[in-house]
Amino acid sequence: MVKESTVICIDNSEHMRNGDYSPSRMEAQAQAVNWLMNNKYGGNAENTVGILKMSGGVEALVAPCPRSGTGKLISALHEVKIGGKLDFLSSVQIAQLVLKHRRNKDQQQRMILFIGSPLEKTDTKAMVRIGKGLKKNNVAVDIVSFGEADANKEVLTAFINEVNSNNNSNIVSVPAGVMTSLKDAIRQSSIVEGGAGAAGGAAGEGAGEFGEEDQDLMAAINASIEDERRRKASEDAASGGGAPAASAGGDAMQVDSAAGGGGATAAGDVADFNDMSEEDMLQLALQMSKAAAENDESKSDENKMDVEEKKDEEKKGQ
């Protein structure tokens, strides 16, 4: 197997709370990511893997690292919070930036996108343009489409067709309700060379799964996700919030607004890293990170104000 640097982009939007995949979309995704990481490491000792979250502010949680960094990757999965709306365009661009700055330039570049949210409002023309740029820069893309597979089929297929070069990019759709798990569907798909977990065989007996210690960490991940779900439900009930999907609309991080004033992109345009200098790309990434942090802080302050106002009303009523 060739040497690769891979960024796995996970969907942590509000849609990941749905239970149409056992035990939930988020947990099914975590199990699949767990297997994929080990599969990549088993394919070549020089492979590196990183993780990026695509909702509630796009962020590279862990830069591509060798197998010795497995603990950091699993911790990132454990700590990621469900919330916000999936930002497909920004996620792909940030993942491309991360791959561009990989340490070993001999590694081929690949990103794996888990898409479990509807993309009906995503700019399809921008997706096509970005896809062409990825192909030009030899970045391969694999997509795992689930949850909203039928709704997203046309737009994701068009994107993959633009990226694909000599069959280096693939898409696997996993409809809800199928007997196979998300992990097993990937294991048997074209995303894994030869199918049936062929590359993972290099990891020895039990390929495709981490060791006993890492399985304990995965159990902790699942428990943490469940705790986060309950915490969010309690907060929504306390603040009188509406349905999660309705409240998620304001969380999408747009590239043009994050870069406002920075000169990297014009208002309303999608940033194209292919035509930007390294300095501009780094500046844009910093501005995106700052915008996401300010957005999270603003939401936190609003929630605190709502709770305080409710307490004041309760005191007046006594």
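1. In this predicted model, the secondary structure of the protein chain comes to 10 helices and 6 strands. Of the 318 residues in the chain, 47% are buried, and the chain exposes about 15,200 Å², of which carbon and sulfur atoms supply 47%.

2. As for how the chain folds back on itself, among contacts between residues at least 6 apart in sequence, 77% join residues that are at least 24 apart.

3. The crossing in which H1 passes H2 is right-handed.

4. Which residues meet where H1 and H2 are in contact? From H1 come Ala30, Val33, Met37 and Tyr41, and they meet Thr70, Leu73, Ile74 and Leu77 of H2. Sorted by class, this contact of H1 with H2 has 7 nonpolar residues, 1 polar residue and no charged residues.

5. The backbone deserves a separate look, given that most peptide bonds are trans and most residues other than glycine have a negative phi. Against that background, the peptide bond joining Ser22 and Pro23 is cis, with omega at about -5 degrees.

6. Asn138, although it is not a glycine, has a positive phi of about 60 degrees. The residue is found in the loop that runs between helix H4 (124–136) and strand S5 (139–146). Is Asn138 buried or exposed? Its relative accessible area is 60%, and because exposed means over 50%, Asn138 falls into the exposed class.

7. Asn166 is also a residue other than glycine with a positive phi, in this case near 55 degrees. Asn166 lies in the loop between helix H5 (149–163) and strand S6 (170–174), and with a relative accessible area of 78% this residue is exposed.

Definitions and conventions:
Residues numbered from 1 in each chain as written. Predicted model: local features only at pLDDT ≥ 70, side-chain atom pairs only at ≥ 80, totals over all residues. Heavy atoms only, no water. Helix = DSSP H or I, 4+ residues; strand = E, 2+ residues; numbered from the N terminus. Buried < 20%, exposed > 50% of the residue type's maximum accessible area, 1.4 Å probe, protein only. Left-handed = near helix turned anticlockwise from the far one by under 90°. Contact = heavy atoms within 4.5 Å. Nonpolar A, V, L, I, M, F, W, Y, C, P; charged D, E, K, R; others polar. Areas by Shrake-Rupley, 256 points an atom, 1.4 Å probe, with all protein chains shown as cover.
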